[in-house]
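Let's take a walk through this model, helix by helix and ring by ring. Have the structure open and follow along.

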Amino acid sequence: MAAQSKKAAPAKAKAAASTKAKASAKAAPAVRAAKKPAAKAAAPKAEKPAAKSKAPGPPTFKPILNAKGEKVINLALQGGGAHGAFAWGVIDKFMEDGRIHVEGISGTSAGSMNAVVHAYGHLKGGKEGVREALHNFWLAISEAGSKYSPVKRNQFEQMFSGWNHDKSFASEIFKLVTHSFSPYQLNPMNFNPLRDVLEAEVDFEELERSQDTKLFLSTTNVRTGKVKVFHTPEITSDVVLASACLPYLFQAVEIDGEYYWDGGFMGNPVLYPLFYYTDARDVVILHINPIERPGPPTMSNDIFNRINEITFNSSLIKELRSVYFVQKLLDEGWIKDEHREKLKYVLIHSVRADTALSDLSVSSKFANEWSFLTMLRDRGRAYATEWLSRNFNDIGVRSTVNLQQEFL
């Protein structure tokens, strides 16, 4: 038994070894297969970047013409007291040129006066009616000023101080008094000679019914601090006087239970009504207040003058920045095609007064001598002549003002 067991043990060991060898042989291919480097997966083909949609860029336009073949534009008239006679000269030249038709006018202060006189003159006699009406209006302003102006200069002052009133004795007293007492104290009867001039030169009842020129006059609501724009059917002499109501000179003007001051505080002038309520896409701004002046002012009167200019330009500059933003959206294709037609692409032009009125201070805005007003008219005509020669072909086609460069 023992011998048999000894003989069986080697046999079992041999059989186990044989089984192990067979198992190893079977496993070997699998091991070798596992050691083979895996085939590289095919790399996905690089996709070409999607072609960027090309921005449309500034659109091209054809001028809007009326039945007479005149280019149709809108005017934006700044306020600025007697300096509004500069705008008179520009308008006079535009009318004399005869190639431009004004669809709508937005005005503030003296710009509102020019606007209503323009509209009424055009209603009565076309372009020549505008020229005659503006001449008669500014002549009446001069005549009223010779009677009632508190800052009239004597001949000696006129001879040695030029057109500015800074060193005029009457002007200095006027500033002292108006900064010490309110118009409710100084003028309790609320006398305003401008009312008589306006009502003599413009039939407001006839103008209200007119659809000849669309008017948009800016005022500042004293209670809310917001701009209030009056349209043609709403315009009366009170509206024009409210638009030109400097609060340290005149009592606030009441219209339908609300009180209003000069529109220049909130819009000098506002532009948006010209976008929404007219067909013309060209807006020609007639600047009265210089936007740029070289060097900082160092004298008291010059500092006050510059503050006045910056204040009464600020609202207009902000609105021009908004116009540029909309132009950028359209130019660079940020607006979907189905929405592009909802935005009006406005073409901006401007007749700047930076050089034309740079020699005049804020005190000269109260001047009323006929020689001064006609001098401003002639400056306006000269600038308009030069402006038309450079820019007329661009009206209706493209803007002539680089908004990004000049106002951003």
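This is a predicted model: local features need pLDDT of at least 70, side-chain atom pairs count only at pLDDT 80 or more; totals for chains, interfaces and linings use all residues.

Start with helices α3 and α7, which are roughly antiparallel to each other, since that label covers angles over 145 degrees. (On that scale, under 35 degrees is roughly parallel, 65 to 115 is roughly perpendicular and the rest is oblique.) Helix α7 spans residues 193-201, and its angle to α3 is about 150°, with the two axes 9 Å apart. The axes here are lines fitted to C-alpha atoms, for helices over the stretch in contact, and angles run from 0 to 180 degrees between N-to-C directions.

Residues are numbered from 1 along each chain as its sequence is written, and side-chain values use heavy atoms, with hydrogens and water left out.

On the α3 side, the contact (heavy atoms within 4.5 Å) is made by M113, V116, Y120, N136, F137, A140, I141, A144 and Y148, and on the α7 side by P193, L194, V197, L198 and E201. Sorted by class, that gives 12 nonpolar, 1 polar and 1 charged residues. Here Ala, Val, Leu, Ile, Met, Phe, Trp, Tyr, Cys and Pro count as nonpolar, Asp, Glu, Lys and Arg as charged, and the others, Gly among them, as polar.

Y120 deserves a stop of its own. This α3 residue is buried, with a relative accessible area of 14%; buried means under 20%, exposed over 50%, and partly exposed in between, using a 1.4 Å probe and protein chains only. Leaving aside neighbours within four places in sequence, Y120 touches E201, V202, D203, E206 and L207. Its C-alpha atom is also 8.8 Å from that of D212, which sits 92 residues away along the chain.

How do α2 and α3 lie relative to each other? They are roughly parallel, packing at an angle of about 20° with their axes 10 Å apart. This crossing is right-handed. Helix α2 brings G84, A85, A87, W88, I91, D92, M95 and E96, and α3 answers with A110, N114, H118, K127, V130, R131, L134, H135 and W138. The class tally for α2 with α3 is 9 nonpolar, 4 polar and 4 charged residues.

Helix α2 (residues 84-97) also meets α13 (residues 370-391), where the axes come within 6 Å and cross at roughly 50°. That makes α2 and α13 oblique to each other, and α2 passes α13 in a right-handed crossing. By class, the α2 contact with α13 has 12 nonpolar, 3 polar and 7 charged residues.

Rings of Phe, Tyr and Trp (its six-membered ring) pair if their centres lie within 6.5 Å; planes under 30 degrees apart are stacked, over 60 edge-to-face, and the rest tilted. In one of them, W88 and W370 have ring centres 5.9 Å apart and planes at 35°, so the pair is tilted. W88 belongs to α2 and W370 to α13, 282 residues apart. Buried or partly exposed, which is W88? W88 is buried, at 1% relative accessible area, whereas W370 is partly exposed at 28%. F174 and F366 make an edge-to-face pair, 5.6 Å centre to centre with 65° between the planes. W88, F137, W138 and W370 form one aromatic cluster.

Finally, zoom out. The protein has 14 helices and 8 strands, with helices (H or I, at least four residues) and strands (E, at least two) taken as DSSP runs numbered from the N terminus. Of its 408 residues, 47% count as buried. Among contacts between residues at least 6 apart in sequence, 77% join residues at least 24 apart.

Terms used:
A crossing is left-handed if the near helix is turned anticlockwise from the far one by less than a right angle, and right-handed if clockwise.
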